[in-house]
Amino acid sequence: MYKTVITFGTFDVFHVGHLKILERARNLGTSLVVGVSTDALNYSKKGRYPVYQEEERLEIIKAIRYVEYVFLEHSLEAKGEYIRQYEADLLVMGDDWEGRFDQFSDLCEVMYLPRTPAISTTAVIEKIRL
Ligand code: C2G
């Protein structure tokens, strides 16, 4: 059992895949800290702004009962600083990021959990569009 688990994401158009990773991450430790990607970070990563603005996404994540604390993630590369700041002993990410954050394994454990199949923000947006 870990003490403080940390995870990161945009969590735009919140769906059950997001909920499941937060639940699984929380169940691996005593408390869960979540870094919510800023609108600017999302734009630099995906070339588009999220549907929901960062303050709204932050509020939604803060209200999830598995989540102890939230903050805005300004840079993908700053993960090491966030891990140290929140004294996290486990970093959890979905397996779409498999291997991408292994360099932080000198600071804490790094674990990639399988994504919930057949749901994504993009799929929800497409469904609404049709
Ligand atoms: N996720 C999942 N199952 C899905 C969809 C998403 O388990 N069907 C997980 C992702 O793997 C990720 C988290 O939910 O761990 C948040 O997903 P996104 O909002 O898409 O996060 P992303 O934009 O990939 O941001 O620093 C890393 C980034 O901030 C991650």
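# A tour of the pocket, rings and charges

The lining of the largest pocket is made up of 8 nonpolar, 13 polar and 9 charged residues (Ala, Val, Leu, Ile, Met, Phe, Trp, Tyr, Cys and Pro count as nonpolar, Asp, Glu, Lys and Arg as charged, and the others, Gly among them, as polar). Before you click around: this is a predicted model, where local features need pLDDT of at least 70 and side-chain atom pairs pLDDT 80 or more, while totals for chains, interfaces and linings use all residues. Residues are numbered from 1 along each chain as its sequence is written, and side-chain values use heavy atoms, with hydrogens and water left out.

Select His18, Lys46, Asp96, Trp97 and Arg115, which are the closest to the centre of the largest pocket among its 30 lining residues. A pocket here is an open set of points on a 1 Å grid over the protein atoms alone, where a 1.4 Å probe fits, with protein on both sides within 12 Å along at least five of seven lines; lining residues have an atom within 4 Å of a point. Now colour helix H1 (16-27), as H1 gives the most to this lining, with 4 residues. Helices are DSSP runs of H or I with at least four residues, and strands are E runs of at least two, numbered from the N terminus.

**Stop two: a salt bridge.** Keep Asp96 and Arg115 selected: their side chains meet in a salt bridge, 2.9 Å from N to O (a side-chain nitrogen of Lys or Arg within 4 Å of a carboxyl oxygen of Asp or Glu). Asp96 sits in the loop between S4 and S5, Arg115 in the loop between S5 and H5, 19 residues apart. Asp96 is partly exposed at 45% relative accessibility (buried means under 20%, exposed over 50%, partly exposed in between, with a 1.4 Å probe and protein chains only).

**Stop three: the rings.** Next, pick Phe8, Tyr69, Phe71, Tyr82 and Tyr86, a cluster linked by ring pairs. Rings of Phe, Tyr and Trp (its six-membered ring) pair if their centres lie within 6.5 Å; planes under 30 degrees apart are stacked, over 60 edge-to-face, the rest tilted. Zoom in on Phe8 and Tyr82: their centres are 5.9 Å apart and their planes at 45°, so the pair is tilted. Phe8 is buried at 6%, and Tyr82 is buried at 10%.

**Last stop: Lys79.** The charged end of Lys79 sits over the ring of Phe8, 4.5 Å from its centre (NZ of Lys or CZ of Arg within 6 Å of the ring centre and within 35 degrees of the ring normal).
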